Amino acid sequence: MTLIDQPVRPASSRRPRGARRPDSGVPVALLLPALLGLAFLTLPLIGLLARTPWSTLPQRLAEPGVLAALRLSLLTATLATLLCLLLGVPLAWLLARVEFPGRRLVRALVTVPLVLPPVVGGVALLLVFGRRGLIGGWLDQTFGFTLPFTTAGVVFAEAFVAMPFLVIAVEGALRGADRRYEEAAATLGAGRWTTFTHVTVPLVGPGLAAGAVLCWARALGEFGATITFAGNYPGRTQTMPLAVYLALETDVEAAIVLSLILLVVSVVILAGLRDRWINTP
Amino acid sequence: MTGHLLDARLAVERGDFRLDVPLRVAAGEVVALLGPNGAGKTTALRALAGLQPLTAGHITVAGSDLDRPDRRRFVPAEHRSVGVVFQDYLLFPHLNALDNVAFGPRRHGANRRTARRSAGEWLARVGLVEHARRRPGQLSGGQAQRVALARALAVRPAVLLLDEPLAALDARTRLDTRAELHRHLAAHPGATVLVTHDPLDALVLADRLVIVEEGRVVQEGDAAAVTTRPRTDYVAQLVGLNLHRGQAENNSVRVADDLLLTVPEHLDGDAFVAFRPSAVALHDDQPAGSPPNTWPATIAGVQRHGDNLRVQLDGPLRVAADVPPATAATLRLIPGQRVWAAVRVTETHAYPAG
């Protein structure tokens, strides 16, 4: 799912009636691939809708397995987003506001999970947080606590993949924010922490919200890292994308229904994000 | 001299730029830092606020050091008793007027209700009670300026700092706001430092002017001293005087190799001579009887200036002359034209430059 194909058209781009260069002057060499591209992106969605078993949809939606997967997906995606906010916003602040040696390297490292195949991310998480992993072994021996193949493991896997989206969005917003408001807050007696919570965060609110929504959507759709690190246990680690994949092998109609739910949730989020952006002055 | 609420030597060195401004302000006094853009006024203000550390010198308020590099003493902005009205006000866009003003009291330990009540009182004082619920974006420039003033005063600062407080306003609003600002500054019991490049703001609002050019104080004094005895071309231009420097001997000052101006004062050595452009009379020919203070000049340019024409003269002295329209009609005022300039002795004013 991509959120980039939603440009906000400036009102001034509208051409007055009767002006020269009518719209039909678009060259075929551009128009044809453009239409093909559009079809390529929308046909699978149409196919999904066309094959949906609408008559049996209510019963299928009410199946306990479906609801459990949906509930687990929403829960883990939300928890992963909260975890990303907790760790990612300070990280974004650090990258945007503090000059330190190796900042460019840190920024590059933060974006690695963006380009890393999620399955590889899952393997890497296993190597660190697995029972014999660098940190996982210690966690297991000291607290008797294991992450892999648990719901917490799902949250970890999703947060690992989704956090860069949040960090990048928030860092951009922080860079764009006028720092003099923070100076004004300091002259009024606000310490750094109060300034951050009472001035900086509200100022970057729209960017923060956009980043959180992106992060949540990415976490919701996460598949590769989750199945590698957390496995596929119904009710515990089986999220919607995993359920779709599994259902595809036994019951295609169930897979379609699950996919439809994911699609609806994604579109609703996308619409919410657009409103957020358009309403922002 | 003791008894100054604010005592500072603001020294900041940053790359090629050097600021070194001594500044003392008594309680209740309003001092304007006046100077051209880039003179370092805003840097001085930021240093006082704690937003720019000094590299040398000191800032002492009510006897305690806020910044003294040689003793490694630096009190950050949030712990200084300083209120700032920023040039473009910097009202928090996510808070309404009331909460903007309440922000300071809240940070100084007041609970929400007390802070809001105090903010309401300050808004009442600047006449904006009915706008308390408005966001900064819904306020006019003049209203935003008053909210910014209320916000800075609400923390009851020992030192109030204003950075070009009227620069962002249009001419009409400026007039009203200037008068109102004067009232509030007069009521402020602490020290006030105002930064401006507008001489009118400085003259109306301040008790004392400190004129800064290229990071240095070039002149200091009350309005009368500065307007009658400018000491740099910048100040002379601000107050609309011709200013020339030369060697005085008895009651004449040599301002150019071949020009000696006769002045009413008796003095010796390095001296300034100042006279108003309207005191310069222009003639087609050399005035009869060779009176003192006449010299040949060339017209360099002519502009409208109020009801008169302002004529720029080249020659031994570069001088501005204001010519009334009636006189202008009898002269050929075109660039390159040669004329005679004359200034009556009683219209000149000389004072030591040392």
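In the predicted model, B:Val253 has B:Leu261 of strand E14(B) as its bridge partner. This pair belongs to the contact between strand E13 (residues 252-256) of chain B and E14(B), which are joined by four bridges and run antiparallel. Both strands are part of an open sheet of five strands in chain B, ordered E14-E13-E12-E15-E21, in which the pairing is antiparallel. The edges of this sheet are formed by strand E14 (259-262) and strand E21 (349-352) of chain B; each has a single partner strand, so one side of each is left without a neighbour in the sheet. On average, and with direction ignored, neighbouring strands here are turned by 40 degrees against each other.

Chain B also contains an open sheet with the strand order E16-E20-E17-E18-E19, which has five strands and antiparallel pairing. E16(B) is joined to strand E20 (residues 338-343) of chain B by four bridges, and the two strands run antiparallel. Within this part of the sheet, B:Val280 is placed opposite B:Val343 in E20(B).

At the level of domains, chain B is divided into domain 1, covering 6-234, and domain 2, covering 240-352. The C-alpha centres of these two domains of chain B are 40 Å apart. Contact between them involves five residues of domain 1 of chain B and six residues of domain 2 of chain B. On the side of domain 1 of chain B that touches domain 2 of chain B, the residues comprise one nonpolar, one polar and three charged.

In chain A, helix packing was examined for helix H7 (residues 151-176) and two partners. The axes of H7(A) and helix H10 (residues 205-220) of chain A come within 8 Å and cross at roughly 165 degrees. H7(A) and H10(A) are therefore roughly antiparallel to each other, and their crossing is right-handed. Residues contributed by H7(A) to this contact include A:Glu158, A:Phe165, A:Leu166 and A:Val170, while those from H10(A) include A:Leu208, A:Leu214, A:Cys215 and A:Arg218. By class, the residues of the contact of H7(A) with H10(A) are 15 nonpolar, three polar and two charged.

The other partner is helix H3 (residues 64-97) of chain A, which packs with H7(A) at an angle of about 40 degrees, the axes being 6 Å apart. The crossing of H3(A) and H7(A) is right-handed. The contact of H3(A) with H7(A) has 21 nonpolar, three polar and four charged residues.

Between the chains, the contact is made by 14 residues from chain A and 16 residues from chain B. Helix H8 (180-187) and helix H9 (192-203) of chain A each provide at least two residues of the side of chain A that touches chain B. The most is given by H8(A), which supplies six residues to that side. The residues on the side of chain A that touches chain B divide into eight nonpolar, four polar and two charged.

How values were computed. Residues numbered from 1 in each chain as written. Chains lettered and ligands numbered in written order. Predicted model: local features only at pLDDT ≥ 70, side-chain atom pairs only at ≥ 80, totals over all residues. Domains from an automatic or database assignment. Contact = placed C-beta atoms within 7 Å. Nonpolar A, V, L, I, M, F, W, Y, C, P; charged D, E, K, R; others polar. Axes fitted to C-alpha atoms, helices over the stretch in contact; angles between N-to-C directions. Parallel < 35°, antiparallel > 145°, perpendicular 65-115°, else oblique. Left-handed = near helix turned anticlockwise from the far one by under 90°. Pairing = 2+ DSSP bridges.
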